Amino acid sequence: MRVRFVSADIELIVHSTESIEKVLDAINSNLLDTSEFTTTKLTGHFGNEIILLKCTLPAEKATHLAYKLFSSLSYEDIMHLYNNFTLYTDKDLFYIRLSKQDMIKGKMILSQTDSIRIRFKIAGGMQRTILEDLRGMLINRHED
């Protein structure tokens with residue numbers, strides 16, 4: 001069985017000290033072909049301006065993104081996801097956080113801080129066979 005994704009939500013915060021254009025260029029060149037992000041201006045904890053970027057990808061683009069991610073992450077990151085799989089899944093969702101700063105440098109690295117948050121919605125929910133297929137997809141895709 002092949003894992004199918006319904007959608008992918010991408011969300012990140014751009015701080016006032018960062019260039020929104022540089023961040024979007026990095027995301028579009030490393031993760032997506034092109035994408036439309038909505039921007040929301042917010043006030044940070046210390047009164048500084050921050051921008052929240054959000055984007056939702058439909059099924060086909062979400063699946064393409066997942067395969068691109070799984071083949072681009074390092075072996076260590078893939079093994080971390082594989083070995084800690086239940087920490088990254090909930091109901092019918094699969095979560096990944098990538099380092100925004102490393103993305104700007106052209107690298108895809110898992111990170112919990114200052115990250116690009118990606119939430120994949122899985123078609124068919126989290127049935128055991130789908131979970132096993134998704135977990136297997138991590139290893140199989142990285143070996144291609």
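This is a predicted model: local features need pLDDT of at least 70, side-chain atom pairs count only at pLDDT 80 or more; totals for chains, interfaces and linings use all residues.
Six strands make up an open sheet, arranged in the order 2-3-1-6-5-4 with antiparallel pairing. The edges are held by strand 2 (38-43) and strand 4 (89-90); each has a single partner strand, so one side of each is left without a neighbour in the sheet. In general, the strands of a sheet pair through backbone hydrogen bonds, either parallel or antiparallel.

Helix 2 (residues 59-72) lies across strand 1, strand 3, strand 5 (93-99) and strand 6. Relative to strand 1, helix 2 runs at about 70 degrees.

## Aromatic pairs

The whole structure contains four aromatic pairs. In one of them, the ring centres of Phe5 and Phe120 are 5.2 Å apart and the planes stand at 50 degrees, so the pair is tilted. Because Phe5 belongs to strand 1 and Phe120 to strand 6, this pair ties together parts that are 115 residues apart in sequence. Both Phe5 and Phe120 are buried.

In another pair, the rings of Phe70 and Phe94 have centres 6.0 Å apart and planes at 70 degrees, so the pair is edge-to-face. Phe70 lies in helix 2 and Phe94 in strand 5, so parts that are 24 residues apart in sequence are tied together. Phe70 counts as buried at 0% relative accessibility, and Phe94 is buried with a relative accessible area of 1%. Phe5, Phe70, Phe85, Phe94 and Phe120 form one aromatic cluster.

## Salt bridges around Lys100

Six salt bridges are present in the structure. Two of them involve Lys100: one with Glu18 and one with Asp114. Lys100 lies in helix 4 (residues 100-104) and is buried, because its relative accessible area of 1% falls under the 20% cut-off. Leaving aside neighbours within four places in sequence, the contacts of Lys100 include Leu12, Ile13, Val14, His15 and Val23, as well as Glu18 and Asp114.

The closest N and O atoms of Lys100 and Glu18 are 2.8 Å apart. Glu18 lies in the loop between strand 1 and helix 1 and Lys100 in helix 4, so the pair ties together parts that are 82 residues apart in sequence. Glu18 is also buried, with a relative accessible area of 18%. For Asp114 and Lys100, the closest N and O atoms are 2.9 Å apart. This pair links the loop between helix 4 and strand 6, where Asp114 lies, to helix 4, the two residues being 14 apart. Asp114 is partly exposed, at a relative accessible area of 33%.

## A salt-bridge network between strands

The side chains of Glu11 and Arg117 form a salt bridge with an N to O distance of 3.3 Å. Glu11 lies in strand 1 and Arg117 in strand 6, so the pair ties together parts that are 106 residues apart in sequence. Glu11 is partly exposed, with a relative accessible area of 27%; Arg117 is likewise partly exposed, at 22%. Together with Lys54, these residues are linked in a network of salt bridges.

Terms used: Residues are numbered from 1 along each chain as its sequence is written. Side-chain values use heavy atoms; hydrogens and water are left out. Two strands pair if DSSP finds at least two bridges between them. Helices (H or I, at least four residues) and strands (E, at least two) are DSSP runs, numbered from the N terminus. Contact means heavy atoms within 4.5 Å. Axes are lines fitted to C-alpha atoms, for helices over the stretch in contact, and angles run from 0 to 180 degrees between N-to-C directions. Rings of Phe, Tyr and Trp (its six-membered ring) pair if their centres lie within 6.5 Å; planes under 30 degrees apart count as stacked, over 60 as edge-to-face and the rest as tilted. Buried means under 20% relative accessible area, exposed over 50%, partly exposed in between (1.4 Å probe, protein chains only). A salt bridge is a side-chain nitrogen of Lys or Arg within 4 Å of a carboxyl oxygen of Asp or Glu.
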